[in-house]
Amino acid sequence: MHIRRYSLILLFSFLAGRFAVGAGEPGASEAARAMVESERKFYQTGQEKGTRAAFLAFLAEDSIVFRPGPVSGQEAWGKRPETGFDLIWEPTFASIARSADFGYTTGPAKWRANKKEEKFVGYGQFISVWKKQKDGSWKVTLDCGIENPEPSGPAGELKMVVSEEGQPKARPLPEAHGKFVTAAKINSVEAVLQVAGDDVRVYRDGSFPALGKNAAAELLRAKGGKISFEQMGGDMSRSSDLAYSYGKYSLLRDGNTEAGHFFQIWQTDSTGVWKLVVDWQQALPKEKPAK
């Protein structure tokens with residue numbers, strides 16, 4: 001699949017100019033519940049018809065998954081056989097744009113080879129971006145996740161965040177994003193903390209998600225450095241208050257370079273300021289030395 005590469009400024013300027021609306025549209029709370037219900041139907045379809053069938057039914061035609069880089073979700077899952085792989089997940093957090101057409105869900109997941117196996121072999125977290133389709137249905141437009149240790153307790157209760165109507169008009173996202181990208185080339189940790197929302201969620205393989213700025217600082221300082229980004233795609237709500245981007249990154253730390261992929265969600269706060277609310281990175285697998 002061909003993925004266009006945009007500059008960050010051109011991408012978000014185009015999207016904001018195309019989709020911006022003057023005020024919040026009604027129905028965001030109802031839309032958030034519909035989005036979460038679609039997530040639950042997605043899971044139930046997997047239990048009834050198989051994981052492959054569920055993903056093919058709920059991924060949008062232009063959806064993106066990471067294998068390890070961004071590829072067509074429909075193509076990736078279409079090539080996979082139905083093996084009986086049992087994937088269990090549930091949303092514990094959901095947020096939606098004022099335009100009621102665009103949002104995301106996240107929560108814990110666990111998996112095993114099939115339902116006959118007593119023991120689960122992996123645990124992690126998923127992040128799914130949902131977009132309302134022309135026919136009124138909700139489809140996943142981007143899906144990614146991490147692996148983490150086995151949780152010690154049950155998942156938390158679902159929390160839904162709906163942007164309030166009448167918020168101040170946000171300044172253009174490219175302005176905030178550009179400052180972040182420049183700062184990250186000097187210190188990736190401080191760059192994130194400067195733009196992070198109070199309830200930011202940071203996802204890195206091998207660790208539980210860091211929730212909030214204090215936890216994010218602790219996780220990021222263990223894996224920070226100087227980072228540069230290459231934008232590959234993204235999208236924004238019609239109300240210009242929720243957006244995401246994804247692409248490649250290159251991290252320099254202690255003289256070593258790590259390459260991988262990133263995914264970020266940005267959302268405006270109650271004062272109209274853009275904040276980073278989700279930060280996901282996944283390093284490319286290390287190449288095995290030649291024999």
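Entry 1: I begin with a term: a nonpolar core is a set of buried Ala, Val, Leu, Ile, Met, Phe, Trp, Tyr and Cys residues joined through side-chain atoms within 4.5 Å. Buried here means under 20% relative accessible area, exposed means over 50%, and partly exposed is what lies in between, using a 1.4 Å probe and protein chains only. I also note that this is a predicted model, in which local features need pLDDT of at least 70 and side-chain atom pairs count only at pLDDT 80 or more, while totals for chains, interfaces and linings use all residues. Residues are numbered from 1 along each chain as its sequence is written, and side-chain values use heavy atoms, with hydrogens and water left out.

I looked up the largest nonpolar core and found 27 residues, of which F180, V202, F229 and W266 touch the most other members. Two or more residues each come from α5 (173-184), α6 (188-195), β9 (196-204), α7 (213-221), β11 (226-236), β12 (242-253), β13 (256-268) and β14 (274-283). These names follow DSSP runs numbered from the N terminus, helices being H or I runs of at least four residues and strands being E runs of at least two. The largest share of this core, five residues, is given by α6.

Which residues does F229 touch, if I do not count those up to four places away in sequence? With contact meaning heavy atoms within 4.5 Å, I list F180, V181, A184, K248, Y249, F262, Q264 and Q281. Apart from this core I found another, of 24 residues, which includes M35, L59, W77 and W130.

**Entry 2: the six-stranded sheet.** I then traced an open sheet of six strands, whose order is β10-β9-β14-β13-β12-β11 and whose pairing is mixed. Two strands pair if DSSP finds at least two bridges between them. Why is one side of β10 and of β11 left without a neighbour in the sheet? Both β10 (210-211) and β11 stand at the edges with a single partner strand each, so one side of each has no neighbour there.

β9 and β10 are joined by two bridges in the antiparallel sense, and V202, which I had already met in the core, stands opposite A210 in β10. Helix α7 packs on this sheet, where it touches β9, β10, β12 and β14, and its direction makes about 35° with that of β9.

Entry 3: For helix pairs I use axes, which are lines fitted to C-alpha atoms over the stretch in contact, and angles that run from 0 to 180 degrees between N-to-C directions. Angles under 35 degrees count as roughly parallel, over 145 as roughly antiparallel, 65 to 115 as roughly perpendicular, and the rest as oblique.

α6 and α7 pack at about 165°, with axes 10 Å apart, and are therefore roughly antiparallel to each other. Their contact is made by V189, E190, V192 and L193 of α6 together with K213, A217, L220 and R221 of α7. In α7 the buried residues are A216, A217, L219 and L220, and they pack against α6, β9, β10 and β14.

I found α5 and α6 at an angle of about 155°, with axes 7 Å apart, which makes α5 roughly antiparallel to α6. Here F180, A183 and A184 in α5 meet S188, A191, V192, Q194 and V195 in α6.

**Entry 4: strand β1.** How many residues of β1 (residues 59-66) are buried? Six of its eight residues are, so I write that the strand is mostly covered. D62 lies in β1, yet D62 counts as exposed, because its relative accessibility is 57%.

Strand β7 (residues 138-147) pairs with β1 in the parallel sense over three bridges, and L59 has V140 as its bridge partner in β7. β1 also runs antiparallel to β2 (residues 70-72), joined to it by three bridges, with F66 opposite P70. A hairpin of three residues leads from β1 to β2.

Entry 5: Leaving aside neighbours within four places in sequence, I find T51 in contact with G46, W77, E82, F85 and L87.
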